[in-house]
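Welcome, and thanks for taking a look at this one with me.

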Amino acid sequence: MSTTSSTTTTTKTVTATNQKLYGKDLSEYENLDVDQLLAQLSPEEISLLAKEVDPDDNFLPPSQRCSYTCEKEATGPLDRKKLIEHINKQALETPDVPELKPYVPGTIRGKKWIPPPQPVREREAEEQIAIDLGDEYENALTEASQEEIIDLAAILGFHSMMNQDQYHASLLNKGQPVGLGWDGITKASQPKAFPADPPNTTDVDATIRQVKDDDHQLVDLNWNNIKNISDEKFDQLFEGLGMNTHLETLSLSNVGMTDGVALKLADVLEQNNTLRVVNVETNFISPPVIVRLIKSLLGTKTMEEFRASNQRSQVLGNKIEMEITTLVEQNPTLLRLGLHLEYNDARHRVAMHLQRNIDRIRKDLNLRLQFRFFNNLCRKSLIK
């Protein structure tokens, strides 16, 4: 035990004595008293020491980080205008630093940069890409005017080669604007004002009565962008929607729907067997309630499209997206899902399952058409 203790002590001592700065041993400065050293300095030495500060030290005020101190006495109040005039006068009177080599137009001063030779592999690839258009097309492109080349770029989809005015002029088969060719100056154009969407004039009370009466003429119910719909109106709509057998499309986008209303809608979707499209975009539905809505789609056998993007929470999270993916994979009728999924795994699995549903429905439709065609042929043969 004693041998181990002595060895450890010796190692620590050697390590301490081996600390060096710029090749000098620092062990002799370990026990120095800083306050005593500062007391031995003169005021001039202290001022010189105070100038050696770190300009990026955040613990010092900005006035103490600068090493420059003006020792002149103030001659009067600050006159900003005169100060600027004095600085400009000094700048004009100060002669320029003479150049080591005078500038002569057309000559190169210093070493000219020469680009390195292109690799052989890239040169061979460019030679393979070269396209021989033939003499007829080469002459046509050589003799083409700027307007014709711009029209050709618009046809080929080279939108980065032209501005917006040139592109629209080519589409409308108009002459190109003056001064906006390849060498022209691109100027900002006045943005085109599009008229605002007309307000939704759907009568809420009348459509609620139609839903409750199971009106066969009401197939598409659109309440999009209708403001200030009370919870009682939603309750009345959902009450009639549970027994309705004709409504196929329900659009409730931007109507201020909250979690409480969305949960009631989820309960109704489990009972309804005629709805094919449900749109609840741009509302205030939380991610767990979106999961509840998608889960309710499993109870119906007719739902083909469900949209619920642009809600209160833009990011669903990995856990919520995995739950949505699992529910979508269990749904055999869903064909389109309007929901932003952030993770690639969830997005890929949902897309693959929706594509499988579309392929299966297409195959079923082809089989039905073939069966009908074969049935008609059999009937015609029996009639003959």
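1. A term to start with: a salt bridge is a side-chain nitrogen of Lys or Arg within 4 Å of a carboxyl oxygen of Asp or Glu. Please keep in mind that you are looking at a predicted model. By this rule, 12 salt bridges are counted.

2. Have a look at glutamate 329 and arginine 349, whose side chains form a salt bridge with an N to O distance of 3.0 Å. Glutamate 329 belongs to helix H14 (residues 318–329) and arginine 349 to helix H15 (residues 344–383), so this pair ties together parts that are 20 residues apart in sequence. How accessible are the two partners? Glutamate 329 is partly exposed at 30% relative accessibility, and arginine 349 is partly exposed too, at 26%.

3. Next, find glutamate 248 and arginine 276, which meet through their side chains in a salt bridge of 3.3 Å, N to O. Here the partners sit in loops: glutamate 248 in the one between helix H11 (231–241) and strand E4 (249–251), arginine 276 in the one between helix H12 (259–269) and strand E5 (277–279), so parts 28 residues apart in sequence are tied together. Glutamate 248 has a relative accessible area of 29%, which makes it partly exposed. Arginine 276 is partly exposed as well, with 30%.

4. Another pair to view is arginine 307 with glutamate 305, a salt bridge whose closest N and O atoms are 2.4 Å apart.

5. Finally, turn to helices H11 and H12. Their axes lie 10 Å apart, and the two helices pack at an angle of about 5°. H11 and H12 are therefore roughly parallel to each other, since angles under 35 degrees count that way.

6. Which residues make this contact? From H11 come Asp231, Phe234, Asp235, Phe238 and Leu241, and they meet Val261, Lys264, Leu265 and Val268 of H12. Sorted by class, the contact of H11 with H12 has 6 nonpolar and 3 charged residues, with no polar ones.

Note on methods:
Residues are numbered from 1 along each chain as its sequence is written. This is a predicted model: local features need pLDDT of at least 70, side-chain atom pairs count only at pLDDT 80 or more; totals for chains, interfaces and linings use all residues. Side-chain values use heavy atoms; hydrogens and water are left out. Helices (H or I, at least four residues) and strands (E, at least two) are DSSP runs, numbered from the N terminus. Buried means under 20% relative accessible area, exposed over 50%, partly exposed in between (1.4 Å probe, protein chains only). Axes are lines fitted to C-alpha atoms, for helices over the stretch in contact, and angles run from 0 to 180 degrees between N-to-C directions. Angles under 35 degrees count as roughly parallel, over 145 as roughly antiparallel, 65 to 115 as roughly perpendicular and the rest as oblique. Contact means heavy atoms within 4.5 Å. Ala, Val, Leu, Ile, Met, Phe, Trp, Tyr, Cys and Pro count as nonpolar, Asp, Glu, Lys and Arg as charged, and the others, Gly among them, as polar.
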